[in-house]
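Here is a friendly walk through one protein model, from its sheet to a few local details. Please keep the view at hand while reading.

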Amino acid sequence: MITKASRLSLTALAIAVIQITAYGQQAKKDSIYMRSNYDKFEYQIPMRDGIKLYTIVYVPKDKSQKYPFLMNRTCYNASRYGDFKTGNHPSQFLVRDKYILVFQDVRGRYMSEGTFDNMRPNVPGNDLKNKQAIDESSDTWDTIDWLVKNVKGNNGNAGQFGISYPGFYTAAALPDAHPALKASSPQAPISDFFFDDFHHQGAFLESYTTAFAVFGYQKKEQTRENWFEEQYKRFDMKEADGYQFFLQQGPLKNITDKFHHDNFFWQQIIDHPNYDDFWQKRNLLPHLKNIKHAVMVVGGWFDAEDLYGPLNIYKTVEQTSPAARNTIVMGPWGHGDWARERGKSTHNHIYFGDSLSTKYLRDVERRFFAYYLKNEGTFNQGEAYMFDTGSKQWQSFTEWPPKNALRHRLYFGVNGKLSIDAPLDQQAVFDYVSDPAKPVPYTSQTEGLGFTPRSYMSDDQRYASSRPDVLTFQTEPLANDVTIAGEILSRLKVSMTGTDADFIVKLIDVYPSDHPNYEHNPSNIVMGGYQQLVRSEVFRGRFRNSFEKPEPFKPDQITDVNFPLQDVLHTFKRGHRLMIQIQSTWFPFIDRNPQKYVDNIYKASAEDFVKSTIKVYGSSVVEAGGQGEMKAKIDSKK
């Protein structure tokens, strides 16, 4: 007998199969089109210091017109695009609109010469006479200069795009840009490794541990193959329970000894636990000045890897470069999901609509590059084109965050009460015991080892709200819609019996009990009463006064801990509830804080990990929406 539940499971499976099949068919069509309409060339392009970078160039066969360059610089192997395959990167729309497509291995990777450096520091000024003053901006400048002079049939304009690390390379080329660079689209770009990707506000993302092999070994020769496979295989990627795996490893120093003893990037991480000069000079944001061409930053509201980068690159360019045509697009996507159409637009268990990626690729990205590189059509969707993840609608704004957005204050009360804009008991005290030996999981589902986490960004928080080491506050069902648009700042007043602690704050949308299930989900996912994570962030308490100079807490002394969560655009609908959760472990998304202050957590011993009773006081508040003061506060701490 086929029950309703089993029908839902079969439907979810059928949707997944259809999505995979459709993607494969489109990729095959794109490859056939490329072979029929493009000629392929390979070059070793010389940089100013003599290093040569491997570059694949596809030139349209049609010579009746001239074309702009559209370039992707990557550390992930340009040869993947070498057999007339783009992997929908760029999209089928851009391929068919015809550009001179350029794919390049960055310095030190795969077929390029040189030495690789993670987040290579920017060298201001682009001094052409100083042949050794190289960075990603100079390498991009030299590449574009060579392309314009040596590839026939170009119109003198160049654009650049990239997702994730290639998004960083796109953003890194914004300062001191070549005059031919007219349009740049950094997508899910990294801007600062101390606040994005491998760290969040200084807390290490232990969930990234397996990824270090990709970034921590220099190749011995030019190659089209991965040279780090043996190191990557030190981890059993078939491990079914990542929580138990990392818990059994114990302190991070055991991971150093067992897995990453010879990894240069891991060594840099553990040697620089604070925001010292090593990290500061790799922060791209201070260098984003005097940008004069068109910039379209793209990100996903549920990007578990790079959310800080898109928002802060857009805001920085907005502040420093009035001549730039600066725009931002944020959709209901995980990391890079906008680059591939899956039909139904979902993140984890949440359904947002149909064909949202196609709408972006066809109506936004395509028009952006056509307008600024070919002078074709119009590009006027608004400076900030943002998806409301609660009302599930696109909205356009003249700026982000919008100036007219309301800034709400969320107050905590006894018996788990949460109030909007009305203080509750300022004298109340809420406490929990945080035990590093029994950390709060970061996801509702058992997950194995992976390259990086993805699904938790909108996950159901019911598993956490029942734990005694998680404080949970929620409103009554809302009488009217409440929209939070913009920045979020957590202002906590805390004390503890230990001398260090992490603080995780979550903003959650609690669905009514009669909310219908979504057909893409397995049958065991019940949306009635679902506690959808809207935004969350961790803060390592030792950095409350300075990311560069951490300091311990004094036991039982009330202390201010203020930190930002990333922006949101979310409408909490009538009948839903707002919820705030506060906790001090979030494992293994982030590493465990020993809760006894040590100078370097990466080198802590097992005996350093202690239980701590943590108190949060009723005078705490979470400010949500509008234009806040988080960026200034972070900058002042640096």
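## A covered helix and its surroundings

In helix α4, the residues Tyr 165, Pro 166, Gly 167, Phe 168, Tyr 169, Thr 170, Ala 171 and Ala 172 are buried. Here buried means under 20% relative accessible area, exposed means over 50%, and partly exposed is in between (1.4 Å probe, protein chains only). Helices (H or I, at least four residues) and strands (E, at least two) are DSSP runs, numbered from the N terminus. Before going further, please note that this is a predicted model, in which local features need pLDDT of at least 70 and side-chain atom pairs count only at pLDDT 80 or more, while totals for chains, interfaces and linings use all residues. Residues are numbered from 1 along each chain as its sequence is written, and side-chain values use heavy atoms, with hydrogens and water left out.

So what covers the buried residues of α4? The cover includes β3, α3 (136-150), β5, β6, α5 and α11.

**The open sheet**

Now to the sheet itself. Ten strands form an open sheet with mixed pairing, in the order β1-β2-β4-β3-β5-β6-β9-β10-β13-β14. Two strands pair if DSSP finds at least two bridges between them. At the edges are β1 (38-46) and β14 (393-397), each pairing on one side only. On average, neighbouring strands of this sheet are turned by 20° against each other, direction ignored. Axes are lines fitted to C-alpha atoms, for helices over the stretch in contact, and angles run from 0 to 180 degrees between N-to-C directions.

Helix α4 (residues 165-172) packs on this sheet and touches β3 (67-74), β5 (154-163) and β6 (181-187); the direction of α4 makes about 135° with that of β5. Contact means heavy atoms within 4.5 Å. Helix α11 (residues 308-320) lies across β9 (294-300) and β10, running at about 160° to β10. Strand β10 (residues 325-331) runs parallel to β13 (residues 384-388), and three bridges join them. Within β13, Tyr 385 stands opposite Val 329.

**Strand β23 and its partners**

Elsewhere in the chain, six of the seven residues of strand β23 (residues 577-583) are buried. Strand β18 (residues 471-474) pairs with β23 in the antiparallel sense over four bridges, and Leu 471 has Ile 582 of β23 as its bridge partner. Strand β20 (residues 502-510) also runs antiparallel to β23, joined by seven bridges. There, Leu 507 stands opposite Ile 580.

**Helix α9**

Helix α9 (residues 264-271) has Phe 265, Trp 266, Gln 268, Ile 269 and Ile 270 as its buried residues. Their cover includes β7 (199-200), β8 (203-204), α5 (212-215), α8 (252-258) and α10 (277-280). At the N-terminal end, Asn 263 caps α9, with a side-chain oxygen 3.0 Å from the backbone nitrogen of Phe 265.

**Rings**

How many aromatic pairs does a search of the whole structure find? The count is 66. Rings of Phe, Tyr and Trp (its six-membered ring) pair if their centres lie within 6.5 Å; planes under 30 degrees apart count as stacked, over 60 as edge-to-face and the rest as tilted. Two of the pairs are set out here.

| Pair | Geometry | Centre to centre | Between planes |
|---|---|---|---|
| Tyr 76 and Tyr 165 | edge-to-face | 6.4 Å | 75° |
| Phe 194 and Tyr 275 | tilted | 5.1 Å | 50° |

Phe 194 lies in the loop between β6 and β7 and Tyr 275 in the loop between α9 and α10, so this pair ties together parts that are 81 residues apart in sequence. Both Phe 194 and Tyr 275 are buried. Tyr 76, in the loop between β3 and α2 (92-97), is 89 residues apart from Tyr 165 in helix α4. Tyr 76 is partly exposed, at 23% relative accessible area, whereas Tyr 165 is buried at 1%.

**Backbone details**

Most residues other than glycine have a negative phi, and most peptide bonds are trans. A cis peptide bond joins His 89 and Pro 90, with omega about 15°, and Pro 90 lies in the loop between β3 and α2. The bond from Trp 400 to Pro 401 is cis as well, with omega near -5°. Lys 98, which is not a glycine, has a positive phi of about 70°.

Technical notes:
A polar contact is a pair of N or O atoms within 3.5 Å; within protein, one must be able to donate a hydrogen and the other to accept it, and residues adjacent in sequence count only if both atoms are side-chain atoms.
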